[in-house]
Every structure is written in structure tokens, then in C-alpha cells.
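Here is a short note to read alongside the model. Please keep the structure open and check each point as you go.

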Amino acid sequence: MADGLRGDIERAVEHHKVSKASVGYEHPAAKSDHCGICRHYEAPNACEIVAGQVRREDWCRRFQKG
Ligand code: SF4
């Protein structure tokens, strides 16, 4: 895929994600559940539903063990 088109798609996807503030994002996670074992995590540093950089040691209220 052309780099320009890929960038456009990535920006569009990012735009539709929810903010960290709206999901009680924790950096790092206060308990043992964390992004690295969540089904929404996209290694190495993203999440399919939460916008911005997401680290495997973080957590939010949309956590689903996967
Ligand atoms: S815990 Fe929240 S931010 Fe982390 S991967 Fe899961 S849904 Fe995304």
C-alpha cells in the first residue's frame, strides 16, 4: 500500500478512538490486569479502541482479558 494512503487510514482510525481520559487510563496499571494481556492491545504501543500511545504495563476500564 502507498505510504500516503496508509498514513491517511491510520489517522482516520486514530480519530475514531476514545480518549484516555474517558476510560480512566492508568500509567502504569494499579492492579495486575494490564494492556499486555488485554484483547484490544496492539503491540508494541497501541490499542484498537483507545487513542494515543498505549504501553503494555498500562490499563483502562475497557480492559478485557484476551
Ligand atoms: S486495557 Fe484499555 S488501553 Fe489497554 S489495551 Fe485494553 S482497552 Fe486498550
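Which residues come nearest to the ligand?

1. **The ligand.** There are 13 residues around the ligand. Cys35, Cys38, Cys47, Cys60 and Phe63 come nearest. By class, this shell holds 10 nonpolar, 1 polar and 2 charged residues.

2. **The core.** Now look at the largest nonpolar core, which has 10 residues. Its members include Cys35, Cys38, Cys47, Cys60 and Phe63, the five that come nearest to the ligand. Tyr25, Tyr41, Val50, Val54 and Trp59 also belong to the core.

3. Select Trp59. Set aside its neighbours within four places in sequence. Trp59 is then in contact with Glu26, Ala29, Asp33, His34 and Cys35. Cys35 is also one of the residues that come nearest to the ligand.

4. **The overall layout.** The protein chain has 1 helix and 2 strands. From the N terminus on, the order is α-β-β. Along its principal axes, the C-alpha trace spans about 40 × 20 × 15 Å. Of the 66 residues, 17% count as buried. Take the contacts with a separation of 6 or more: residues 24 or more positions apart account for 62% of them.

5. **Two cis peptide bonds.** Find His27 and Pro28. A cis peptide bond joins them, with omega about 0°. Pro28 sits in the loop between helix H1 (3-15) and strand S1 (41-42). Next, go to Ala43 and Pro44. The peptide bond from Ala43 to Pro44 is cis too, with omega near 10°. Pro44 is in the loop between S1 and S2.

6. **Ala46.** Is Ala46 buried, exposed or partly exposed, and why? Ala46 is partly exposed, because 19 other C-beta atoms lie within 10 Å, and a residue needs 20 or more to be buried. Ala46 belongs to strand S2 (residues 46-47). Compare Ala46 with Glu10: they are 36 residues apart in sequence and 12 Å apart in space, C-alpha to C-alpha.

7. **Confidence.** How far does the confidence reach? The mean pLDDT of the protein chain is 96. Of its residues, 98% reach 70 or more. Confidence is lowest in H1, at a mean of 92. It is highest in S1, at 98. Where pLDDT is low, predicted coordinates should not be read in detail.

Note on methods. Residues are numbered from 1 along each chain as its sequence is written. This is a predicted model: local features need pLDDT of at least 70, side-chain atom pairs count only at pLDDT 80 or more; totals for chains, interfaces and linings use all residues. A residue is near a molecule or strand if its C-beta atom, placed from the backbone, lies within 6 Å of it. Ala, Val, Leu, Ile, Met, Phe, Trp, Tyr, Cys and Pro count as nonpolar, Asp, Glu, Lys and Arg as charged, and the others, Gly among them, as polar. A nonpolar core is a set of buried Ala, Val, Leu, Ile, Met, Phe, Trp, Tyr and Cys residues joined through C-beta atoms within 7 Å. A residue is buried if 20 or more other C-beta atoms lie within 10 Å of its own, exposed if 12 or fewer, and partly exposed in between; C-beta atoms are placed from the backbone. Two residues are in contact if their C-beta atoms, placed from the backbone, lie within 7 Å. Helices (H or I, at least four residues) and strands (E, at least two) are DSSP runs, numbered from the N terminus. pLDDT is the predictor's confidence in each residue, from 0 to 100.
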